[in-house]
Amino acid sequence: METGKIITPQELLTRHPWLRPYGGALLGWNGLIDELATQIEMRYAEQKIALSVEAFHLRQVKEKFGELRFYCVSAVPIQDLIQNATLKSTWLCQECGSAGCLMQNERRWLRTLCDKHATDEYTARPSLKKVTVDGVTFTFFEEGQLDAVMPSDYLVIR
Ligand SMILES: [Zn+2]
C-alpha cells in the first residue's frame, strides 16, 4: 500500500460499493480500508461465496482511540484481516495517510496523526497497552480506563 496518497470517498465507493454505510469520511485511512476491502473480496472469492447482503453486513467503520474499528457480520471469517488493518491504522495519519503515531490532546482525546496534522494541542503519547484474553482485546489507559473489543464485534454467520 502506498502511504500519503488520499483515496477520495467517491473512488473508494466506486471500487467497493458495499462500503457505502461507511461513506469514506476517514480520508487518511481510505487507502488502508481499500486494501482491507480488496482482501475481504478476495477471501469471499476464494470461498466461492458472493459478497451479498445475505452473507455480509457492514455495521460500522469508525475511528476509536486513534484506531480503525471495522464492525461487520460476515459469513466468511475475516477477523485476521480486520485485526491487521486495525494494527496498521495505528501508524498512519487518519487525516492524510502519511506515517503517524498516537497523539493525545489536553482533553485526552486520542487520534493517530502525522507531524503536519498534529496541531499544537496534540502531542505524541506512548501506544496503549493491549491484552487479549479468550479473544477479547482489552485496551488500557494510564488513567485506569478500559476498552474491550469482543469477538462478537466480528460476528460469523454459521
Ligand atoms: Zn497527516
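The model is predicted. The protein has three helices and nine strands. Of its 158 residues, 24% are buried.

**Fold**
- Starting at the N terminus, the order of elements is α-α-β-β-α-β-β-β-β-β-β-β.
- Among contacts with a separation of 6 or more, 44% join residues 24 or more positions apart.

**Nonpolar core**
- In soluble globular proteins, nonpolar side chains tend to be buried together.
- In this protein, the largest nonpolar core contains 23 residues.
- The residues with the most contacts inside this core are Leu32, Ile33, Leu36, Phe70, Leu81, Ile82 and Ala85.
- At least two core residues come from each of helix 2 (30–46), strand 2 (67–74) and helix 3 (79–89).
- Helix 2 gives the largest share of the core, with five residues.

- Three strands form an open sheet in the order 4-3-5. Their pairing is antiparallel.
- Strand 4 (110–113) and strand 5 (123–124) are the edge strands. Each has a single partner strand, so one side of each is left without a neighbour in the sheet.
- Four bridges link strand 3 (residues 101–104) to strand 4 in the antiparallel sense.
- Met103 has Arg111, in strand 4, as its bridge partner.

Note on methods
Residues numbered from 1 in each chain as written. Predicted model: local features only at pLDDT ≥ 70, side-chain atom pairs only at ≥ 80, totals over all residues. Buried ≥ 20, exposed ≤ 12 C-beta atoms within 10 Å, placed from the backbone. Contact = placed C-beta atoms within 7 Å. Core = buried A, V, L, I, M, F, W, Y, C linked by C-beta atoms within 7 Å. Pairing = 2+ DSSP bridges.
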